[in-house]
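The structure is shown first, and the points follow by topic.

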Amino acid sequence: MEKLKFVHLTDTHMNAPETNNIFSKQQLTEKVRRVFGHIRDNAISPAFVVITGDLSHEGNTQDYEYIRTIVDEGSSLLGVPVYVVLGNHDHRAPFREGFLKEKPSEQPYHYSHTIQGVRLIGLNSQIKGQHHGEIDAEQLAWLEETLRTPAEHGTIVALHHPLLNINGMPADHLLANREQLGAVLEGKDVIGVVAGHVHTNNVGTYKGICHVAATGTAFGGEAAEDNQFKMVDFCGYNVVSVFEEGITVQTVVMPGMQEEFFRFSMEAAAAHNE
Ligand SMILES: [Fe+2]
Ligand SMILES: [Fe+2]
């Protein structure tokens, strides 16, 4: 019997309308609005929504204030909470100030919330100024302690950097200390890990736990000829159903032409990330 379902969004790369960057013409915020509308119109009725990072594209405080209005709009449209985690394109201090309405600080953002018996744990894998991700020792200790007590219907862990590799992706896309995190998750009540970052749907198991990286709402990444990588106009989300025996994941693709935005070489991407 289904316990609940939730929606997994990722990599929204949103900015305030006045922010000028490489994605300004792509109306990435509108895509998120359309996704919230699509979830409602298709009567998906999730118990919650979680966005697994890269909420902004190098956002400042004003960007996060704006992103908060979009998230709140989606939350009231669906009548459910929308939880977020941070990705490598996010920044902790402006996020805390603009989104959380707190004093700006570099404190990692992580939490545990239980919704209808399912525990959602959000982790902060983003590190200042870095493309790669890592879960710090403090969070690992907190997670270990939190997972000592199982949740009624199991735990979902949300973070930005995936634990599973995708064919052709450089290894620095993975969580750098995934072995350490895997050791904490293994043998507990964790029924799923949801991630983003790779802008490609990828489902598998890690330490026996279902692991899902989703494409996201902003754009999809595709390998192209001559070791190039192209970003295409793609927008989608995943519906995750939680059953007694585990989870199922349904990918919803939003209508669109999947036109190419731009492409770059793998070498250029690697150099950019150093
Ligand atoms: Fe991203
Ligand atoms: Fe990312």
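In helix α5, which spans residues 178-185, the buried residues are L181, G182, V184 and L185. Viewed down the axis of α5, these buried residues fall within an arc of 160°, so they line one face of the helix. The model is a predicted one.

**Surroundings of helix α5**

- The buried residues of α5 pack against one helix, α4 (137-146), and against the strands β6 (155-158), β7 (190-195), β8 (202-206) and β9 (209-213).
- After α5 comes G187, which has a positive phi near 80°.

**The six-stranded sheet**

- Six strands form an open sheet in the order β4-β5-β6-β7-β9-β8, and their pairing is mixed.
- The edge positions are taken by β4 (111-115) and β8; each has a single partner strand, so one side of each is left without a neighbour in the sheet.
- From one strand to the next, the twist averages 20°.
- Within this sheet, β6 and β7 are paired in the parallel sense over four bridges.
- T155 stands opposite V190, a residue of β7.

**Helices on the sheet**

- Helix α4 lies across β4 and β5 (118-122), and its direction runs at about 170° to β5.
- Helix α5 packs on the sheet as well, where it touches β6, β7, β8 and β9. The direction of α5 makes about 65° with that of β8.

**The iron site**

- Four residues coordinate the iron ion (ligand 1): D11 through OD, H13 through NE2, D54 through OD and H199 through NE2, at 2.0 to 2.3 Å.
- Along the chain, the donors of the iron ion (ligand 1) follow the spacing D-x1-H-x40-D-x144-H.
- What is the geometry of the site of the iron ion (ligand 1)? The angles among its four donor atoms run from 88 to 172°, and the site is irregular. Tetrahedral geometry would require all angles to lie between 85 and 135 degrees.
- D54 bridges the iron ion (ligand 1) and the iron ion (ligand 2), and the two ions lie 3.5 Å apart.
- D11 belongs to the loop between β1 (2-9) and α1 (28-41), while D54 belongs to the loop between β2 (49-52) and α2 (61-78), so the pair ties together parts that are 43 residues apart in sequence.

- Are D11 and D54 buried or exposed? D11 counts as buried because its relative accessibility is 0%, and D54 likewise counts as buried, at 1% relative accessibility.
- The cut-off behind both assignments is a relative accessible area under 20%.

Definitions and conventions:
Residues are numbered from 1 along each chain as its sequence is written. Chains are lettered from A and ligands numbered from 1 in the order in which they are written. This is a predicted model: local features need pLDDT of at least 70, side-chain atom pairs count only at pLDDT 80 or more; totals for chains, interfaces and linings use all residues. Side-chain values use heavy atoms; hydrogens and water are left out. Buried means under 20% relative accessible area, exposed over 50%, partly exposed in between (1.4 Å probe, protein chains only). Helices (H or I, at least four residues) and strands (E, at least two) are DSSP runs, numbered from the N terminus. The arc is that of the directions from the helix axis to the C-beta atoms. Contact means heavy atoms within 4.5 Å. Two strands pair if DSSP finds at least two bridges between them. Axes are lines fitted to C-alpha atoms, for helices over the stretch in contact, and angles run from 0 to 180 degrees between N-to-C directions. Donors are N, O and S atoms within 2.8 Å of the metal (3.2 Å for Na, K and Ca); water is not among the atoms, so sites may look incomplete. Four donors count as tetrahedral if all angles lie between 85 and 135 degrees; four count as square planar and six as octahedral if opposite donors are over 155 degrees apart and all others between 65 and 115; anything else is irregular.
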